[in-house]
Amino acid sequence: MFDWIQKIADWFVYDVVHLDRGQHLAEALNFFIYDTTKILLLLFVIIFFMGIVNSYFPIDKVRNFLSRNKLYGFEYLMASLFGVVTPFCSCSSVPLFIGFVKGGIPLGVTFAFLVTSPLVNEVAIGLFIGLFGLKMTTIYVISGILLGTISGAVLQKLKLERFLTPWVKKVLENAQREQDLFIAEKQTFSQRLPIIWKEVLSILKGVVPYVIVGIAIGGLMHGYIPEGFFEQYMSKDNLFAVPIATILAVPMYSNASGILPVVQVLVAKGIPIGTAIAFMMGVVGLSLPEAMLLKKVMTLKLIGIFFGVVTICIIISGYLFNIIL
Amino acid sequence: MGRVIKILGTGCPKCKTTTALVEEVVNENNIDAEIIKVEDIMEIMEYNVLSTPVLVIDEQITIKGRVPSKNEILKLLV
């Protein structure tokens, strides 16, 4: 599928810059050009596609769907699926949380959405396809969705409403299922396109520097870390590797674009894939800045429980990956 | 009569961009308008919105969840 990009990279490195095949610099440059072109292209396609979906299915519709329909246990899965197609900005997490809860959506379902949304998003998917291939991407996406679903259901069972901050409780008491005044913007596709296009460009502009730096660092590590280097420290048999990687990752905050190219190299150099994915999910899915924002609506105890449950789910899925793959 | 433009947002980069754009549009076109940044989450929630930034003109929600273009802002104001 990407042969032609390889040809362009070859042409540029060997014919335009006149570097010799087999030379260290030539190979590094070739790898860098091939990888960045491929990944930026994939990102563009996927961000654009998600932009279209999102334009026709904005967050208000998601909320209305979840609060109106009786879903007989499937609401966690639905919320989690919606999380995939809805772009998530951590600064919107508080209004989103309140808006959901106000709409009569159970806390656990809201959590399911909040977990999956940052974890499986257009940027992560695009990068994943480029770096790990389709099979791994499918596994990542499905496990991300399940992770949100299961954490949401578990959190609901814990009956956490009592740990909300007082003013949110008050909001809850007054919540009538607002038959919402949301009027879908009636726009034709050609009217939507410029808006979608602008979003695509602004997302791309935001991630491109991270992607390039990430791939450059990845490229350097590729050349200088010996094959199988990490195996001796982090073999699959090391039971502590997954929890340590996850717990290290939670306070870290980076968007998927910076961390993924590095993770890919770590995997190539011998870190087990499950450990790497657990690390990545910890970085992308949970972060301290998000916790700080959520403090407005949740007591510290609730944030602790929320992060705790999700962390445990991430660790379990890390182990599962290491066993299966 | 001056317009009242409110930008709802908890202080994320997108909200700051929106505010800057609105200020530019207002200044460049000499529009008589008062620009208010609403950062308090309780106040934001009164508008029943799910994503920020939100552009509110004369108490009407016009654009939510994304940064509008200068052209769009101008169209909404004149």
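Trainee: Is Arg3(B) buried, partly exposed or exposed?
Mentor: This is a predicted model, so the figure is computed from predicted coordinates. The relative accessibility of Arg3(B) is 24%. Buried would need under 20%, and exposed over 50%. Arg3(B) therefore counts as partly exposed.

Trainee: Which side chain meets Arg3(B) in a salt bridge?
Mentor: Arg3(B) sits in strand S1 of chain B. The N to O distance in the salt bridge is 2.8 Å, and the cut-off is 4 Å. The partner is Asp58(B).

Trainee: How many residues apart are Asp58(B) and Arg3(B)?
Mentor: Their salt bridge links distant parts of the chain. Asp58(B) is in the loop between S3 and strand S4 (60-64) of chain B, and Arg3(B) is in strand S1 of chain B. The separation is 55 residues.

Trainee: What is the relative accessibility of Asp58(B)?
Mentor: Asp58(B) counts as partly exposed. That class runs between 20% and 50%. The value for Asp58(B) is 37%.

Trainee: Which residue in the turn of the S3(B) and S4(B) hairpin has a positive phi of about 50°?
Mentor: S3(B) and S4(B) pair in the antiparallel sense over four bridges. Two residues lie between them in the hairpin.

Trainee: What is the phi of Glu59(B)?
Mentor: Glu59(B) is in the loop between S3 and S4 of chain B. Glu59(B) is partly exposed, at 48% relative accessibility. Most residues other than glycine have a negative phi. Glu59(B) is not a glycine, yet its phi is positive, about 65°.

Trainee: In S4(B), which residue is the bridge partner of Val56(B)?
Mentor: The pairing of S3(B) with S4(B) is antiparallel. Strand S3 covers residues 54-57 of chain B. Across from Val56(B), the partner in S4(B) is Ile61(B).

Trainee: In which sense do S1(B) and S3(B) pair, parallel or antiparallel?
Mentor: Four bridges join S1(B) to S3(B). Ile5(B) stands opposite Ile57(B) in S3(B). The sense of this pairing is antiparallel.

Trainee: In S2(B), which residue is the bridge partner of Ile7(B)?
Mentor: Strand S1 (residues 3-8) of chain B pairs with strand S2 (residues 33-38) of chain B. This pairing is parallel, over six bridges. The partner of Ile7(B) is Lys37(B).

Trainee: Which helix makes a β-α-β unit with S1(B) and S2(B)?
Mentor: The two strands pair in the parallel sense. With the helix they form a right-handed unit. That helix spans residues 13-28 of chain B and is H1.

Trainee: Which residues are linked with Lys70(B) in a network of salt bridges?
Mentor: Lys70(B) meets Glu24(B) at 2.8 Å, N to O. Glu28(B) also bridges to Lys70(B), with the closest N and O atoms 3.1 Å apart. Lys70(B) takes part in both salt bridges. The residues linked with Lys70(B) are Glu24(B) and Glu28(B).

Trainee: Is Glu28(B) buried, partly exposed or exposed?
Mentor: The cut-off for the exposed class is over 50%. The relative accessibility of Glu28(B) is 52%. Glu28(B) counts as exposed.

Trainee: What is the omega of the peptide bond from Thr52(B) to Pro53(B)?
Mentor: Most peptide bonds are trans. Pro53(B) lies in the loop between helix H2 (41-45) and S3 of chain B. The bond from Thr52(B) to Pro53(B) is cis, with omega near -5°.

Trainee: Where does Asn30(B) lie?
Mentor: Asn30(B) has a positive phi of about 50°, although it is not a glycine. Its relative accessible area is 70%, so Asn30(B) is exposed. Its place is the loop between H1 and S2 of chain B.

Trainee: Which helix of chain A gives the most to the nonpolar patch?
Mentor: The surface patch includes Trp4(A), Ile8(A) and Trp11(A), and its residues together have about 640 Å² of accessible area. Ile8(A) is partly exposed at 41%. Five residues of the patch come from one helix, residues 3-16, which is H1.

Trainee: Among the elements of chain A, which helix has the lowest mean pLDDT?
Mentor: The mean pLDDT of chain A is 83. Helix H8 (residues 134-157) of chain A has the highest element mean, 92. The lowest mean is 78, in helix H9.

Notes:
Residues are numbered from 1 along each chain as its sequence is written. Chains are lettered from A and ligands numbered from 1 in the order in which they are written. This is a predicted model: local features need pLDDT of at least 70, side-chain atom pairs count only at pLDDT 80 or more; totals for chains, interfaces and linings use all residues. Side-chain values use heavy atoms; hydrogens and water are left out. Patches are made of residues with over 30% relative accessible area and no salt bridge: like charges are joined within 9 Å, nonpolar side chains (Val, Leu, Ile, Met, Phe, Trp, Tyr) within 5 Å. Accessible areas come from the Shrake-Rupley method with a 1.4 Å probe; for residues, only the protein chains shown count as cover. Buried means under 20% relative accessible area, exposed over 50%, partly exposed in between (1.4 Å probe, protein chains only). Two strands pair if DSSP finds at least two bridges between them. A crossover is right-handed if, with the strands pointing away from the viewer, the path from the first strand over the helix to the second runs clockwise. pLDDT is the predictor's confidence in each residue, from 0 to 100.
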